[in-house]
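Biologist: I am new to this structure and would like to learn how to read its features one by one. Could you show me the model and then take me through it slowly?

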Amino acid sequence: MVQIIDPLLILALALNFVALGVSRIRGVINAVALQGILLGTLPLFVHSEIGIRGILLVVVTIGLKGFVIPGFLVHAMREANIQQEVKPIVNYMSSLLLGGVGTGLAMMFSNTLPLAEEHTALLVVPASLATVWTGFLMLTTRKKAIMQVLGYLLLENGIFLFGLLLLEAVPFLVEVGVLLDLFTGVFVMGIIIHQISLEFASISTEHLTELKE
């Protein structure tokens, strides 16, 4: 299984850097969608006997993260008439550098955690921590609201990846509930993006300081 899981996780880590280094919003959406599909398939390989519950989780995860939510964000992008992030708070080279430092620290920190023997040889934990860090960077260093939504998705991808280690212990309804919360959060954010685009010429969150009663 390691021969299959680790290449998928390495590709998922590479997509983190794509998200940090690309200014075109459609490119970031595609990267996050592909990462969601990759992570959605991992339960099939992490656990040898996944069962009906796990298969349903895989289908729901791939459907939401790979198609439904990205499609919704593409629609929001078109409605708001935006194509790329301009002048983020932290420039792209610095973002990539911070992403690389965070990924390296995640690799080091994961070695200190008391993991089960079958998980110590996998990159699941370091990839999870690195993806959470990437999502946090996106949330805090981008001005466009839709880019911050994508950061939220990356953050959730990292949490989902870590949760794979506990798939057998966590009830299926809890997992589906997390995905439902994700979908609801993105849906609400999409409405907010649309309202910002109606009120202002751009959807930069800097304009939120201008809102008054």
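Modeller: Let us begin with helix H2, whose buried residues are Ile25, Val28, Ile29, Ala31, Val32, Ala33, Gln35, Gly36, Leu38, Leu39, Gly40 and Thr41. Residues are numbered from 1 along each chain as its sequence is written. This is a predicted model, in which local features need pLDDT of at least 70 and side-chain atom pairs count only at pLDDT 80 or more, while totals for chains, interfaces and linings use all residues, and side-chain values use heavy atoms, with hydrogens and water left out.

Biologist: What does buried mean, and how many of the 17 residues of H2 are buried?

Modeller: Buried means under 20% relative accessible area, exposed means over 50%, and partly exposed lies in between, with a 1.4 Å probe and protein chains only. By that rule H2 is mostly covered, with twelve of its 17 residues buried.

Biologist: How is a helix defined, and what span does H2 reach from its first C-alpha to its last?

Modeller: Helices are DSSP runs of H or I with at least four residues, strands are runs of E with at least two, and both are numbered from the N terminus. The expected span of a helix is 1.5 Å times one less than its number of residues. Helix H2, residues 25–41, reaches 25 Å, close to the 24 Å expected. Across the protein chain there are nine helices and zero strands.

Biologist: Which residues does asparagine 157 touch, leaving out those up to four places away in sequence?

Modeller: A contact means heavy atoms within 4.5 Å. Asparagine 157, found in helix H8 (residues 145–163), touches Val32, Gln35, Gly36, Leu39, Lys65 and Thr131, not counting residues up to four places away in sequence. Asparagine 157 counts as buried because its relative accessibility is 2%.

Biologist: Where does alanine 12 lie, and which residues does alanine 12 touch?

Modeller: Alanine 12 lies in helix H1 (residues 2–21), and, with residues up to four places away in sequence not counted, it touches Gln35, Leu38 and Leu39. Because its relative accessibility is 3%, alanine 12 counts as buried. Alanine 12 and valine 32 are 20 residues apart in sequence, yet 9.0 Å apart in space, C-alpha to C-alpha.

Biologist: Is valine 101, in helix H5, buried or partly exposed?

Modeller: Valine 101 counts as partly exposed, because its relative accessibility is 45%; its helix, H5, covers residues 92–110.
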